[in-house]
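Subject: Structure handover

Hello,

Here is the structure I said I would pass on. My notes on it follow below.

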Amino acid sequence: MSGSGSSTVATSSSRPSGMPARADAVLRWDSAGCGSSLGFSGLRFFAGIQRVARGLAERDTAAVTDAIVDKLNAEIPHSARVWNYWLGGKDNFAADRAVGDQVRAVFPEIVGAARHTRAFLRRSVTFLAGEGIRQFLDVGTGLPTADNTHEVAQRAASDAKIVYVDNDPLVLTHARALLTSTPDGVTQYIDHDLRDTGAILEAAARILDFSQPVALMLLGVMGHVEDPAEARRIVQELVAGLPSGSYLAMSDGTATSERVIESHRQYNESGAVPYHLREVADFTSFFDGLDLVEPGVVPTPLWRPDSEDRPAVDGYAGVARKP
């Protein structure tokens, strides 16, 4: 759904007395036409930022206002917004689109890979709900778009509980504003770093029932951890904290062609948070000790496909059950 123009966001052409300059910059940001690049959800998000800026301006809290402006970072590419651009979303800026286009010029299949990852989310969550799973722990949420985890899960089972985890202020602001649960289900969001597995499990256990199986979703997120041993530690500790009968669903980019390796090299040099490709064997090792669901670890479009569209992509996926 496209925005109806900048009229949905209040603007200000002059700074009230005592307002910090950067708060004024927030309030005037849309008058420069930047808001027209956002969809309806992006306008709602920025309207919230503006409301906060006004409240801070009244207290002349310039330092806090600076922190809010810094979180926007419209001039610095952001991995979640670049991904949103590849998925056809509106919540991205010129810097994100520039990097997205640069990567796509080297590796045109990246857009298809992003969309196939999203399709894997839909297929895997639908499968897990069909297996009786009613609790989902989605770590590395990303910006909301079509077929988010809670939407897919609660279509299959309206009482499903979903906990999203991210530590990105941009992602969490969007999520809290735009993602809502069914009346008999639960959708909540916790702010923790991927590496802080203990804090994630402790917070999730206050929402989910850890005496019952949980599906752990790690889709396109582990590449943010460069060290393979550290990445394995994170996955192992998260899985270890879940009860028997839980599932791990994972997908990630893999170093399976020279073009994808070069495209990620350029992406990592763009200023965005780096993303590190893994060999297929390294990705497969995340499932050690678990029982893989058929068809095992395969290229993302080949995991239980529901269409004839099965292109070759540089990314693998799998789902496994904890004994």
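**Overview**

The chain has 12 helices and 8 strands. Please keep in mind that this is a predicted model. Of its 323 residues, 51% are buried. If you take the contacts between residues at least 6 apart in sequence, 71% of them join residues at least 24 apart.

Nonpolar side chains tend to be buried together in soluble globular proteins. The largest nonpolar core in this model has 33 residues, and those touching the most other members are Leu137, Leu216, Leu218, Met222, Leu248 and Met250. At least two residues come from each of these elements: strands S1 (135-139), S2 (161-166), S4 (215-219), S5 (247-253) and S8, together with helices H9 and H10. The element that gives the most to this core is H10, with 5 residues. Apart from this core there is another, of 25 residues, which includes Ile162, Ala175, Val293 and Val298.

What is Leu216 in contact with, once its neighbours within four places in sequence are left aside? The list is Leu137, Val139, Leu238, Val239, Leu242, Tyr247, Leu248 and Ala249.

**Helices H9 and H10**

A packed pair of helices is described by the distance between the two axes and the angle between them. For H9 (residues 197-205) and H10 (residues 228-240), the axes come within 9 Å and cross at roughly 25°. Angles under 35 degrees count as roughly parallel, and H9 and H10 are therefore roughly parallel to each other. Their crossing is right-handed. On the H9 side the contact is made by Thr197, Ile200 and Leu201, and on the H10 side by Arg233, Ile234, Glu237 and Leu238. By type, the residues of this contact are 4 nonpolar, 1 polar and 2 charged.

Glu202 is also placed in H9. Is Glu202 buried or exposed? Its relative accessibility is 52%, so Glu202 counts as exposed.

Asp168 sits in the loop between S2 and helix H8 (169-178). With a relative accessibility of 17%, Asp168 counts as buried, because the cut-off for buried is under 20%. The C-alpha atoms of Asp168 and Gly140 are separated by 9.0 Å, and these two residues are 28 apart along the chain.

**Backbone points to check**

Most peptide bonds are trans, and most residues other than glycine have a negative phi. Two places in the chain are listed here against that background.

- Where is the cis peptide bond that involves Pro295? The bond runs from Glu294 to Pro295, and its omega is near 10°. Pro295 lies in the loop that joins strand S6 (291-292) and strand S7 (298-299).
- Arg304 is not a glycine, yet its phi is positive, at about 45°. This residue is found in the loop between S7 and strand S8 (315-321). Arg304 counts as partly exposed, with 36% relative accessibility.

Regards

Technical notes
Residues numbered from 1 in each chain as written. Predicted model: local features only at pLDDT ≥ 70, side-chain atom pairs only at ≥ 80, totals over all residues. Heavy atoms only, no water. Axes fitted to C-alpha atoms, helices over the stretch in contact; angles between N-to-C directions. Helix = DSSP H or I, 4+ residues; strand = E, 2+ residues; numbered from the N terminus. Parallel < 35°, antiparallel > 145°, perpendicular 65-115°, else oblique. Left-handed = near helix turned anticlockwise from the far one by under 90°. Contact = heavy atoms within 4.5 Å. Nonpolar A, V, L, I, M, F, W, Y, C, P; charged D, E, K, R; others polar. Buried < 20%, exposed > 50% of the residue type's maximum accessible area, 1.4 Å probe, protein only. Core = buried A, V, L, I, M, F, W, Y, C linked by side-chain atoms within 4.5 Å.
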